[in-house]
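Open the model in your viewer and keep the sequence panel beside it. This tour goes stop by stop, saying what to select and what is there.

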Amino acid sequence: MKTRSALVKTVQNTENRTETGQKSPASSKPARLPKSHQDYWLGKIRKRHYRDGTQRIEIPEWQVRLFHLLREEWFNLGTPNKVAAAVKARDIYSHLLAHGWNATHAKFKPKPTVTTATLTIGEFVELYRDAVQKVEYPPATHTRERYLKDLRLICRRAKVTKFTSLTDQAVRDFVAEYLAHGRREGRVESSVKVSCNALLRGAGALFSKQMLAEYVRAGLVCANPFAGQKLRRIPIKPYSPLRGDALPSLWREAVKLRDGDLTATPTAPRIKNTPRKRWSNHDFRKPHKAAYVLLLLELGLGLRRHEADKAQWDWFHSDAEGRHFIEVKETPFFQPKSKERRVIPVEKTLFDAIHHSRDEVTPFIVPGRVPRKYEAGKTPKNLVYRCDLHHRVLAMWLRRQGIADGKPCHLLRKEFGSYVATTFGLFTAQRYLGHSSPVVTDAHYAGLTAMPELAHAKIK
C-alpha cells in the first residue's frame with residue numbers, strides 16, 4: 001500500500017508530464033473538439049463550385065452546410081480567409097441551436113431583393129419554401145419537398161440553371177429527353193409516361209394559383225411553365241390478388257422469418273470494394289423478428305409502409321368485450337395521410353403475435369432507431385424511415401417466396417384490402433385502408449380473393 005508521500009509524488013509526476021506536453025496513459029487518445037470550438041469547423045467548411053457551360057468555376061468564399069432538426073442548409077461565410085470563415089461557421093451554428101432556422105436565416109442569410117433576371121433555380125427553391133408558409137392551404141412538408149425534388153430533376157435533365165430559362169420549350173425538351181432515355185433503357189412505354197407525368201405534375205404544383213399570387217407579393221411575377229403540358233393519366237392496371245396457395249404459404253413461412261430458417265441457402269459473402277446491389281442478400285438462417293412484425297402489420301392490418309414504420313404501442317386498445325383495435329393517429333413523429341385517423345379491428349391471434357414480439361422498451365412497435373423530438377410546429381414528419389433495413393429484409397424475403405411485384409411490401413397492403421373487400425364489402429375496405437373514396441379502393445387496391453359459387457340456374 002502506497003504511503004501519503006508516495007501518492008503525492010505520483011500526482012506531481014502526472015502533473016509534470018501534462019505540463020510538458022507528455023500524454024498520460026489515460027489521455028493517450030486526442031480529445032475531440034466540441035462544435036463550440038472554432039477549430040472544429042476548419043474541417044467542415046467548403047469552397048463550392050458551379051458550371052458555366054463546360055467551365056468549372058469555384059466560389060472564392062468559404063461555405064458551410066449545417067444540419068438541424070432533419071433539415072440542412074448551406075451558408076455563405078462571406079470570406080476567403082479560412083480561419084475567419086471557421087469562426088463565423090461556429091457563430092452561425094450556435095445561433096441556430098439557440099434561436100432556430102427562421103431567426104438564423106434572418107440574421108445570416110437575409111432574403112435578397114427578388115429579380116427575375118438573375119434568379120437561379122436554387123434561389124427560387126428558397127423563395128418557394130418561404131412563400132408556401134404564408135398560403136392558406138400549404139401542402140405537407142414531405143409533399144412540398146417532393147415537388148421541389150421533381151423540379152430539380154427536370155431542371156437538371158433540361159440543363160436549366162436560371163429561372164428565366166425554365167420555359168415551356170425547356171419543359172418540352174425535358175419530356176422528349178426523358179421519354180427517349182426510357183426507350184433506350186428498354187422500359188415499358190406506359191411506365192415511362194406515368195413517371196414523366198408524375199414529375200411534371202409534382203413540379204407544376206409549385207405554380208398553383210395560390211403560389212403564383214404569393215410570388216407576386218414577394219416581388220416575382222411569373223407564369224406557370226408547365227401549363228401547356230397535357231398530363232393525361234395513364235390507366236393503371238387494377239390489382240389482381242395472389243392466386244392458389246401463395247397467400248397461405250406466406251403465413252406458413254412467416255414463422256421461419258421470425259425464428260430463422262435452418263434450411264435456407266447461405267448467402268455468399270460480398271466481395272470487398274464492390275457495389276452493393278439494391279436487393280442485397282440477407283442470411284435467413286438467422287431470426288428477423290422486426291421484418292416479421294412488419295409483415296404482420298402490413299399484411300394483417302393493411303398499414304402503409306410509413307405507418308408500420310412509426311406505429312406505436314399506444315395505438316392498440318381493447319374494449320370491454322375483449323375485442324382489440326389499432327388506431328392509426330398522429331404522433332410527434334408521424335402524421336396520417338390526409339391527416340385523418342382510422343380504426344382497424346385486430347383479430348386475437350394477430351394481436352397476440354404482435355405483442356409476443358415486444359422485447360424492447362420503446363414506444364414503437366417495430367424495433368429501430370428512435371427519431372429525435374422536434375420543436376412544436378416545425379416537425380418534418382414522415383421524411384425519415386426508422387426501419388428501412390428491416391423493410392429491405394422483408395422485401396428480399398418476399399421475393400424469395402415468389403413475389404415478383406416491383407413493390408412487394410405494398411402488395412401486402414393490397415392483399416389485405418382485397419380480402420376485406422371480398423369478405424365485408426368495398427366500403428369497409430375503403431375505411432380500413434384509409435382511402436378518400438371507394439373508387440380508389442376499387443380501382444387500385446381490391447380484387448376478388450375468391451370467386452363466388454353461383455347457384456341461380458334451376459334447369460330440370
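In which helix does W251 lie? Select helix α8, residues 246–259: W251 lies there. Helices (H or I, at least four residues) and strands (E, at least two) are DSSP runs, numbered from the N terminus.

Before moving on, two notes on the model. It is predicted, so local features need pLDDT of at least 70 and side-chain atom pairs count only at pLDDT 80 or more, while totals for chains, interfaces and linings use all residues. Residues are numbered from 1 along each chain as its sequence is written, and side-chain values use heavy atoms, with hydrogens and water left out.

**Stop 1**

The cut-offs: buried means under 20% relative accessible area, exposed over 50%, partly exposed in between (1.4 Å probe, protein chains only). Contact means heavy atoms within 4.5 Å. Check one distance: the C-alpha atoms of W251 and L296 are separated by 9.3 Å, although the two residues are 45 apart along the chain.

**Stop 2: the whole chain**

Zoom out. The protein has 15 helices and seven strands. Of its 460 residues, 37% count as buried. Take the contacts with a separation of 6 or more: residues 24 or more positions apart account for 60% of them.

**Stop 3: helix α3**

Select residues 121–131, helix α3. Is α3 largely enclosed or largely open? Eight of its 11 residues are buried, so the rest of the structure largely encloses α3. Colour the buried ones: I121, F124, V125, E126, L127, Y128, R129 and A131. They pack against β4 (71–76), α2 (82–108), α4 and α7.

Next, show helix α7, residues 209–217. At what angle do α3 and α7 pack? The angle is about 105°, with the axes 10 Å apart. Axes are lines fitted to C-alpha atoms, for helices over the stretch in contact, and angles run from 0 to 180 degrees between N-to-C directions. The two helices are therefore roughly perpendicular to each other. On this scale, angles under 35 degrees count as roughly parallel, over 145 as roughly antiparallel, 65 to 115 as roughly perpendicular and the rest as oblique.

Show the side chains at the contact. From α3 come F124, L127, Y128 and A131; from α7 come M211, E214 and Y215. By class, this contact has six nonpolar, no polar and one charged residues. Here Ala, Val, Leu, Ile, Met, Phe, Trp, Tyr, Cys and Pro count as nonpolar, Asp, Glu, Lys and Arg as charged, and the others, Gly among them, as polar.

**Stop 4: helix α6**

Select residues 189–204, helix α6. At 1.5 Å a residue, its 16 residues should span 22 Å, and the end C-alpha atoms are 22 Å apart, which agrees. The expected span is 1.5 Å times one less than the number of residues. Its buried residues are V192, C196, N197, L199, L200, G202, A203 and G204. Their cover includes α4 (141–158) and α5 (168–184).

**Stop 5: salt bridges**

A salt bridge here is a side-chain nitrogen of Lys or Arg within 4 Å of a carboxyl oxygen of Asp or Glu. The structure holds 25 salt bridges.

- Select R65 and E72: their side chains meet at 3.2 Å, N to O. R65 is partly exposed at 39%, and E72 is partly exposed at 40%.
- Select D283 and R285: this bridge is 3.0 Å, N to O. D283 is buried at 17%, whereas R285 is partly exposed at 36%.
- Select R305 and D388: the closest N and O atoms are 2.4 Å apart. R305 lies in helix α10 (residues 305–309) and D388 in helix α12 (residues 388–400), so the pair ties together parts that are 83 residues apart in sequence. R305 is partly exposed at 33%, and D388 is partly exposed at 25%.

Then show R71, E73, K109, E126, R129 and E145 together. Salt bridges that share partners join these residues into one network.

**Last stop: D314**

Select D314, in the loop between α10 and β5 (316–318). D314 is partly exposed, with a relative accessible area of 48%.
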